[in-house]
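Have the coordinates open as you read.

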Amino acid sequence: MTIAIIDYKAGNLTSVKKAFDHLRADTLVTEDPREVGKADKIVLPGVGHFAATRTLENSGIREAVVDSIERGIPFLGICVGMQWMLASSEEAPDVHGLALWPGECSRFPSGVKSPHVGWNSLQIRENSSRLLRGVASESYVYFTHSYRVPLLKATAAECEYGGGFSAAVEQDNLFGVQFHPEKSGALGLKILENFCSL
Amino acid sequence: MLTKRIIACLDVDAGRVVKGTQFLNLRDAGDPAELAAAHSCAGADEIVLLDITATHEKRNTLLETVRRTAHELFVPFTVGGGVRTLNDASAIFDAGADKISINSAAIADPSLITCIAERFGSQAVIVAIDAKRNLSTFEAFVSGGRVSTGRDAAQWAKEAEDRGAGEILLTSMDRDGTGKGFDCELTRVIAKAVRIPVIASGGAGGAEHFVEVFRAGSADAALAASIFHFGLSSIEQLKLRLYAAGIPVRLSC
């Protein structure tokens with residue numbers, strides 16, 4: 001079983017790859033849409049700017065991802081990777097996400113410091129979440145982001161910072177986390193392990 | 001609730017931790033990889049590795065150290081010291097760091113902040129400011145606090161934010177190494193000047209100092225190198241003290 005980790009030159013993927021290596025998962029870091037299309041699972045990491053996802057558009061990766069998702073291949077978006085699952089972001093309004101769910105990523109309100117950096121607690125909303133299996137409500141995970149995904153029907157866990165936002169989303173074979181499981185200690189590794197064993 | 005972060009700092013020279021640690025049950029108290037893992041296990045929210053030599057001939061040693069330290073570390077990992085160019089930063093990220101900290105090079109060429117932030121994201125760029133009290137204001141110093149820049153620390157922090165820094169690592173030169181507590185006034189002045197998180201550093205001598213800097217200093221995080229010289233046996237114990245004082249902290253998993 002191969003997990004494709006999509007390399008779209010946004011930030012570095014070392015940490016994500018390292019975490020999966022620790023779990024002894026078979027991963028392939030790739031920017032090749034054909035490799036993405038062949039993978040049994042797909043991870044779209046991402047730190048940095050929403051505009052970086054434009055690379056996915058121009059490289060054919062978007063089509064490969066859409067095709068795999070339709071075939072039921074588990075897809076995990078991390079941080080900007082999760083934001084890309086929505087239609088758009090205020091950060092780069094002209095760039096199109098996958099629009100898997102309605103809504104737009106918005107900036108944190110001016111009353112709170114931005115970026116939202118640090119360990120914040122999860123409120124698990126969906127007990128049947130497969131990604132968050134074994135994760136207790138009020139568990140802490142590591143966030144670092146300036147834009148957030150609104151609360152959705154698919155929200156599996158929410159987080160509170162200048163209002164509630166989606167910390168994790170889940171629907172069928174679609175998974176997204178705003179936090180960084182690869183940087184959230186033992187609990188983060190547990191979440192990635194859950195994804196591996198889907 | 002967003003917690004206040006406790007950051008453990010390792011000062012490293014030629015691949016060895018050179019001060020500030022007295023950790024029990026370690027095979028090698030000077031090995032950064034082993035210490036980082038132990039700190040993380042004890043509840044450190046982040047690890048910072050500061051290369052205090054940062055001479056050219058030792059750069060490869062540093063990269064190897066970063067690689068080894070990052071290998072089994074699953075909390076945020078920052079590397080600072082001697083980062084002068086985008087290439088320096090890229091090499092450190094490739095070796096497994098999540099963030100880099102820049103100080104002198106950012107003062108010398110502030111566009112470096114934007115340059116690294118555009119490539120790796122603002123969350124990956126920490127601007128370190130060494131500040132010294134000058135009557136009622138604070139001045140930024142470089143080269144380990146030896147050289148004055150003539151710049152107001154708060155103004156510089158604001159400029160760093162505008163240029164794309166994601167966090168400010170603020171060290172009080174007056175308090176560093178004294179154990180008399182963080183400079184809460186300095187921390188508050190800088191925290192008010194910017195909208196990005198401020199990490200307080202320099203002067204921690206006991207758990208009460210952390211309580212003060214989070215309350216009176218409005219710090220978002222506090223960093224200490226010699227955290228185990230405080231009469232506290234572990235970061236976990238420090239966090240329990242903070243928790244008891246009503247400061248939100250992440251208690252160990």
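Two strands count as paired here if DSSP finds at least two bridges between them. Keep that cut-off in mind for what follows. Note too that this is a predicted model.

Start in chain A, with strand 13, residues 174-177. Strand 4 of chain A, residues 75-78, runs parallel to strand 13 of chain A. Four bridges join the two, so the pair meets the cut-off of at least two. One contact point to look up is I78(A), whose bridge partner in strand 13 of chain A is V177(A).

Strand 13 of chain A has another partner, strand 12 of chain A, residues 164-171. Here the direction is antiparallel, and four bridges again make the link. Q171(A) stands opposite L174(A) of strand 13. Strands 12 and 13 of chain A form a hairpin, with two residues between the strands.

Now turn to chain B. Nine helices and eleven strands make up its list of elements. The chain has 253 residues, and 55% of them are buried.

Last comes the interface. Which residues of chain B touch chain A, by number and class? On the chain B side, 27 residues are in contact with 30 residues of chain A. The chain B side comprises eleven nonpolar, eight polar and eight charged residues.

Note on methods
Residues are numbered from 1 along each chain as its sequence is written. Chains are lettered from A and ligands numbered from 1 in the order in which they are written. This is a predicted model: local features need pLDDT of at least 70, side-chain atom pairs count only at pLDDT 80 or more; totals for chains, interfaces and linings use all residues. A residue is buried if 20 or more other C-beta atoms lie within 10 Å of its own, exposed if 12 or fewer, and partly exposed in between; C-beta atoms are placed from the backbone. Two residues are in contact if their C-beta atoms, placed from the backbone, lie within 7 Å. Ala, Val, Leu, Ile, Met, Phe, Trp, Tyr, Cys and Pro count as nonpolar, Asp, Glu, Lys and Arg as charged, and the others, Gly among them, as polar.
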